[in-house]
Amino acid sequence: MDAPLLTCGPDELILAANSKAPFEGQVFVRGHHRKPDCAHIFSNSENTTTEPSLAIPLSRISSCGLDFERNSETKSVTLRATIVFAFHPMFVTAADRIFSVVCAFQQRDFTVQAQLDSVNDFSSTIVVGATALPPSIHLSISGQALSVGDPLLFTWALEEHYQVYGMRVISCDATTSDGLKSSRLLEAGCSLDETLIGQIRYSEDDSQAFADGLAFKFADEDEVWIKCQVQLCIHQFEHLLLGATDNANICQEPVDCKKRTKRSTEDDIPIDEDSLITVSQKFMIGDPKVLPAQALGPTPKKSYCLGPTALLISSSLIFLVAIALVYISSSTVIRSLRQKSYDFNC
């Protein structure tokens, strides 16, 4: 059997080997060969192969008796397993190979290292090492050419889904492209001004975070850069062994921003500076519409145009009003003359 290849993450631990002859036997985690999640049986009648392998989902490691162990000094989480390649379906033989597998998930330099050591229970094998890409975080902002006040959606996401890792958005700043102007939008996981960006909400597995907002801009600037610090944290597994100072690296419950006063820094979430990642993205704001200014001067007289029907109705009303005025005036004059005639006769 050639030296096996070890792959750590993002979803599972895989140990794959190559054999010169078709492999008939089983590959299993030592002590758990009867558990389906921890063993893979190969037989000539069904699935014989020259490339035997075993894949253990990271979400199922507890069923195989495996533990994640946090190392405070190296800022890593290690997963250890002992895997047996048994060339006989029932018995342990001298031809079997057994390997001690160590996957180290680093936080400080964000690399995932894999190490494979031989165990001296049987004949020795070559020590094999491997490296897997770590999760990276991406910030996206919905919309291209925007206007002030348009709705925005901020999305932070792990570009690869690791079951070991989650994230927390710690802080965000809005800056100009030259960096001369800057304003803090988020502090200790909470919005400082919800008219610009709302409170953050997370997906169930902490692989994504979202916040709504409204487009804004700096005076005389078309670009707005959003720069955020995001913490890469570790999920609390049932079989995760922690040291006394490891709480700062565990994915804590999101901060309840409603219980905090505006611009308060009380009850800040624990932060390990070595686990912070800076992400940035920009959005463009178009110029607002400029309304033409009116010239100063006297207010022009307004003119109105009436249709034929309206003109006929208004003319009739004016005629009736004129007749009424003439009648009233005539009645007043007649009463005045009668009064004078009465006074003369007296």
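# Notebook: contacts, sheet, salt bridges and disulfides

**Entry 1. Whole chain.** I began with the contacts between residues at least 6 apart in sequence: 62% of them join residues at least 24 apart. The model is a predicted one. I listed the secondary structure next and found one helix and 21 strands. The chain has 346 residues, and I noted that 38% of them are buried. For the accessible surface I recorded about 20,600 Å², with 55% of this area belonging to carbon and sulfur atoms.

**Entry 2. Confidence.** I looked up the pLDDT before going into detail. Its mean over the chain is 76, and 70% of the residues reach 70 or more. Residues 108–132 have pLDDT below 50, and beyond near neighbours in sequence this stretch has 69 contacts in the model. Residues 262–267 also stay under 50, and for them I noted five contacts beyond four places in sequence. I keep in mind that where pLDDT is low, the predicted coordinates should not be read in detail.

**Entry 3. A four-stranded sheet.** In which order do the strands of the open sheet lie? I read the order as β11-β13-β18-β17, with antiparallel pairing. The edge strands are β11 and β17 (201–202), each of which pairs on one side only. I then examined β11, residues 137–141, whose side chains alternate. Ile137, Leu139 and Ile141 point to one face and are buried. For histidine 138, the bridge partner in β13 is alanine 157.

**Entry 4. Salt bridges.** I counted six salt bridges in the model. One of them joins aspartate 206 to arginine 168, with 3.0 Å between the closest N and O atoms. Aspartate 206 sits in the loop between β17 and β18 (208–214) and arginine 168 in strand β14 (residues 165–175), so this pair ties together parts 38 residues apart in sequence. Are these two residues buried or exposed? Aspartate 206 counts as buried because its relative accessibility is 11%. Arginine 168 is at 7% and therefore also counts as buried.

I next followed arginine 184, which meets aspartate 173 in a salt bridge of 2.3 Å, N to O. Arginine 184 belongs to strand β15 (residues 182–187) and aspartate 173 to strand β14, eleven residues apart. Arginine 184 forms another salt bridge with glutamate 187, where the closest N and O atoms are 2.4 Å apart. I compared their burial: aspartate 173 is buried, at a relative accessible area of 17%. Arginine 184, at 34% relative accessibility, counts as partly exposed. Glutamate 187 has a relative accessible area of 26% and is partly exposed.

**Entry 5. Disulfides.** How many disulfides does the model hold? I counted four, and I looked up the following pairs in detail.

- Cysteine 8 and cysteine 103 are joined with an S to S distance of 1.8 Å. The angle about the S-S bond is -75°, and the link is left-handed. Cysteine 8 lies in strand β1 (residues 5–8) and cysteine 103 in strand β8 (residues 97–106), 95 residues apart. Both cysteine 8 and cysteine 103 are buried.
- Cysteine 38 and cysteine 64 have their sulfur atoms 2.0 Å apart in a disulfide. I noted -100° about the S-S bond, again a left-handed link. Cysteine 38 is in the loop between β3 (25–29) and β4 (39–42), and cysteine 64 is in the loop between β5 (53–57) and β6 (68–71), 26 residues apart. Both cysteine 38 and cysteine 64 are buried.
- Cysteine 172 and cysteine 228 form a disulfide with an S to S distance of 2.0 Å. With 110° about the S-S bond, this link is right-handed. Cysteine 172 lies in strand β14 and cysteine 228 in strand β19 (residues 223–234), 56 residues apart. Both cysteine 172 and cysteine 228 are buried.

Terms used
Residues are numbered from 1 along each chain as its sequence is written. This is a predicted model: local features need pLDDT of at least 70, side-chain atom pairs count only at pLDDT 80 or more; totals for chains, interfaces and linings use all residues. Side-chain values use heavy atoms; hydrogens and water are left out. Buried means under 20% relative accessible area, exposed over 50%, partly exposed in between (1.4 Å probe, protein chains only). Helices (H or I, at least four residues) and strands (E, at least two) are DSSP runs, numbered from the N terminus. Two strands pair if DSSP finds at least two bridges between them. pLDDT is the predictor's confidence in each residue, from 0 to 100. Contact means heavy atoms within 4.5 Å. Accessible areas come from the Shrake-Rupley method with a 1.4 Å probe; for residues, only the protein chains shown count as cover. A salt bridge is a side-chain nitrogen of Lys or Arg within 4 Å of a carboxyl oxygen of Asp or Glu. A disulfide is a pair of cysteine sulfur atoms within 2.5 Å.
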